[in-house]
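Hi everyone, thanks for making time. I'd like to walk you through one structure today, so let me put the sequence and the model up.

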Amino acid sequence: MTHNSSQSMSFPDEGNRISPNPPRPKRVVIFAYGILAYLMFLVVFSYMAGFLLSFLVPKGINTATPDDMSLGAALALNMGLIALFGFFHSLLARERVKAVLLKVLPQAAERSTYVVQSSLCLALAMWQWQALPGTIWQVDGPLAVVAYAVFGIGTGMVLWSTFLIDHFELFGLRQIWSHLRGAQMPEPEFRTPALYRIVRHPMQLGVIILLFATPHMTWGHMLFAGSMTAYIFVGLYFEERALLRMFGDRYAAYQQAVPMLFPSFTRRLKLASA
């Protein structure tokens with residue numbers, strides 16, 4: 001669930017062009033590290049689907065809390081897990097922190113390291129998550145099918161959005177491949193393909209959809225979905241500022257023309273008639 005992903009130019013390693021000169025054995029090690037980071041993401045993201053739906057995984061979001069844990073302790077643990085995820089996810093996306101990390105970390109491995117920490121923090125949150133009692137809604141039959149379908153739409157939006165920009169750069173694969181070949185990374189460019197003409201951040205919209213699309217919404221699930229959604233808004237605030245610094249008036253015009261997360265058909269009609 002990375003949040004620096006709105007356009008092809010908005011990744012945390014933007015501006016850090018990769019040196020083509022390191023020895024080949026080092027480049028091979030970094031390449032292997034990047035592949036492992038990507039595989040880790042795939043496993044964690046796939047598990048998250050089962051976790052949110054409590055389906056085909058050893059522990060789902062509604063798996064019973066141990067009898068010896070109080071409601072207050074479970075709530076505190078859950079909030080701490082979300083805070084830990086948000087803290088590191090945001091910290092490593094900040095330019096000043098990246099500048100410090102790159103003093104000891106190869107540029108080609110920076111994005112892969114971001115993917116690793118995101119995957120580990122999310123995996124920890126799911127592993128230690130404590131179910132909270134109480135059902136907000138629960139549906140069966142056709143309505144449950146609709147809920148699963150909406151979940152699938154959200155998941156599809158997330159994956160499609162990554163390929164609309166550059167899936168391989170987003171997850172560090174293009175960086176490690178360029179580094180292995182001793183090639184330079186291309187400069188970031190401003191693009192708004194397909195879904196990016198409807199909302200500025202379709203990937204994050206897809207995440208919000210899949211967080212809430214469930215036939216059985218408990219208070220624990222709502223806490224997870226609501227906290228992650230709040231974090232998404234915080235992350236987008238900083239990302240939008242970074243994009244404005246990079247692209248100036250061009251991105252400002254894009255902000256005026258396209259809503260951030262939720263489609264506005266009246267806005268599109270006004271722009272079409274202007």
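Quick housekeeping. This is a predicted model, so local features need pLDDT of at least 70 and side-chain atom pairs count only at pLDDT 80 or more, while totals for chains, interfaces and linings use all residues. Residues are numbered from 1 along each chain as its sequence is written, and side-chain values use heavy atoms, with hydrogens and water left out.

Now the overall layout. The chain has 11 helices and two strands; helices are DSSP runs of H or I with at least four residues, strands are runs of E with at least two, and both are numbered from the N terminus. Along the sequence you read α-α-α-α-β-α-α-α-α-β-α-α-α. The chain has 274 residues, and 49% of them count as buried.

Next, the inside. The largest nonpolar core has 56 residues, and Leu52, Leu122, Trp129 and Phe224 are the ones that touch the most other members. By core I mean buried Ala, Val, Leu, Ile, Met, Phe, Trp, Tyr and Cys residues joined through side-chain atoms within 4.5 Å. Elements giving two or more residues to this core include α1, α2 (71–91), α4 (107–128) and α5 (141–164).

Phe224 takes us to the aromatics. The count is 12 aromatic pairs, taking rings of Phe, Tyr and Trp (its six-membered ring) with centres within 6.5 Å; planes under 30 degrees apart are stacked, over 60 edge-to-face, and the rest tilted. Phenylalanine 51 and phenylalanine 224 have ring centres 5.8 Å apart and planes at 65°, so that pair is edge-to-face. Phenylalanine 51 is in helix α1 (residues 24–53) and phenylalanine 224 in helix α9, so the pair ties together parts 173 residues apart in sequence. Both phenylalanine 51 and phenylalanine 224 are buried.

Phenylalanine 87 and phenylalanine 88 make another edge-to-face pair, at 5.1 Å centre to centre with 80° between the planes. Here phenylalanine 87 is partly exposed at 47% relative accessibility, and phenylalanine 88 is partly exposed at 32%. There's also one aromatic cluster formed by Tyr38, Phe41, Phe45 and Phe171.

What about helix α9 itself? Helix α9 covers residues 219–247, 29 residues in total, and reaches 41 Å from first to last C-alpha, close to the 42 Å expected; the expected span is 1.5 Å times one less than the number of residues. Just after α9, glycine 248 takes a positive phi of about 55°.

How many salt bridges does a search of the whole structure find? It finds two, counting a side-chain nitrogen of Lys or Arg within 4 Å of a carboxyl oxygen of Asp or Glu. One joins glutamate 240 and arginine 200, with the closest N and O atoms 2.8 Å apart. That pair links distant parts of the chain, with glutamate 240 in helix α9 and arginine 200 in the loop between α7 and α8, 40 residues apart. Buried or exposed, glutamate 240 and arginine 200? Both are buried.

Aspartate 166 and arginine 174 also meet in a salt bridge, at 2.8 Å, N to O. Aspartate 166 is buried at 14% relative accessibility, whereas arginine 174 is partly exposed at 31%.

Leucine 36 lies in helix α1 and is exposed at 57% relative accessibility. Ile35, Leu36, Leu39 and Leu42 make a nonpolar surface patch of about 330 Å². Patches take residues with over 30% relative accessible area and no salt bridge, joining like charges within 9 Å and nonpolar side chains (Val, Leu, Ile, Met, Phe, Trp, Tyr) within 5 Å; areas are Shrake-Rupley with a 1.4 Å probe, and for residues only the protein chains shown count as cover.

Then leucine 56, in the loop between α1 and α2, has a positive phi near 60°. Leucine 56 is exposed, with a relative accessible area of 77%.

Key
Buried means under 20% relative accessible area, exposed over 50%, partly exposed in between (1.4 Å probe, protein chains only).
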